[in-house]
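Colleague: I have a new model open and would like to learn how to read the fold. Could you take me through the main features?

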Amino acid sequence: MPHKDTLDHLTRLYAASDDPWDHRTSAYEAAKYAATLREIGPGPFREALEIGCGNGTLAARLAPRCSRLTVMDCIPAAAQSARRALADLPQVRVIQGAAPADLPDLRPDLVLLSEVLYFLTPAEIAALGRWLTDRARGPVIAVNWTGPTDEPLNGAQAVALLAHSLGAPDSTDHGDYRIDRFG
Ligand SMILES: C[S@@+](CC[C@H](N)C(=O)[O-])C[C@H]1O[C@@H](n2cnc3c(N)ncnc32)[C@H](O)[C@@H]1O
């Protein structure tokens, strides 16, 4: 499980709002989602996975490119919100659980890690890296805010830790955020 302080922080955020980062309404998020989907490409993906789906705003945009899309979030309120947002998309399955402990039994041909890696501990990123090395059959796309986070890791540090398992990514600097493509 993520560090207790991280879980408490996330639980408090979702208790106050079901859209704590304004994913549904922010022009910044909409532009970042468009850049993320450009990096991902048109697919189609047979079996995609998004780890840390939040309220499902990005997943709803990714879903049309996927035959099956599994999304997961460790905070029950976030998973519930994602279930509501994605209810009309039969190819989408929402799991409540924390990576890497609760990762599903999949061999995904796309893994999306959008604004989630820096919530994990270094040991969790290492375990996630092992899982991805074993299971991933396609690109792993990481999107990370480049400024300071409220967590022990920032985005660059989290990406560097994942690179220990997956090798150096192709990185694109978008100013406030970066997109890293592994594989
Ligand atoms: C900033 S939101 C990003 C949501 C979405 N990926 C996006 O980019 O719009 C990060 C989400 O990751 C979830 N999260 C953090 N650590 C996680 C973990 N170890 N496993 C699953 N979800 C996690 C949080 O609960 C939160 O909803």
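Modeller: Start at the N terminus: the elements of the protein chain run α-α-β-α-β-α-β-β-α-β-α-β-β. That comes to six helices and seven strands. Helices (H or I, at least four residues) and strands (E, at least two) are DSSP runs, numbered from the N terminus. Before going on, note that this is a predicted model, where local features need pLDDT of at least 70, side-chain atom pairs count only at pLDDT 80 or more, and totals for chains, interfaces and linings use all residues. Residues are numbered from 1 along each chain as its sequence is written, and side-chain values use heavy atoms, with hydrogens and water left out.

Colleague: What is the order of the strands in the open sheet?

Modeller: Pairing comes down to bridges: two strands pair if DSSP finds at least two bridges between them. Here the seven strands are ordered E3-E2-E1-E4-E5-E7-E6, with mixed pairing. Strand E3 (92-96) and strand E6 (170-173) stand at the edges with a single partner strand each, so one side of each has no neighbour in the sheet. On average, neighbouring strands are turned by 15° against each other, direction ignored; axes are lines fitted to C-alpha atoms, for helices over the stretch in contact, and angles run from 0 to 180 degrees between N-to-C directions.

Colleague: Is E5 mostly covered or exposed?

Modeller: Mostly covered, as five of its six residues are buried. Buried means under 20% relative accessible area, exposed over 50%, partly exposed in between (1.4 Å probe, protein chains only). For the protein chain, 54% of the 183 residues count as buried.

Colleague: Which residues touch the most other members in the largest nonpolar core?

Modeller: In soluble globular proteins, nonpolar side chains tend to be buried together. A nonpolar core is a set of buried Ala, Val, Leu, Ile, Met, Phe, Trp, Tyr and Cys residues joined through side-chain atoms within 4.5 Å. In this 34-residue core they are Ile51, Leu103, Leu113, Leu117, Leu128 and Leu132. A second, separate core has 25 residues, including Ala48, Val94, Ile141 and Tyr177. As for Leu132, leaving aside neighbours within four places in sequence, its contacts are Val111, Val140, Leu162 and Leu166, where contact means heavy atoms within 4.5 Å.

Colleague: Last one: where does helix H4 pack?

Modeller: First the strands: E2 (residues 69-73) pairs with E3 in the parallel sense over five bridges, with Ile95 in E3 as the bridge partner of Met72. Helix H4 (residues 76-85) packs on the sheet there, touching E2 and E3, and its direction makes about 165° with that of E3.
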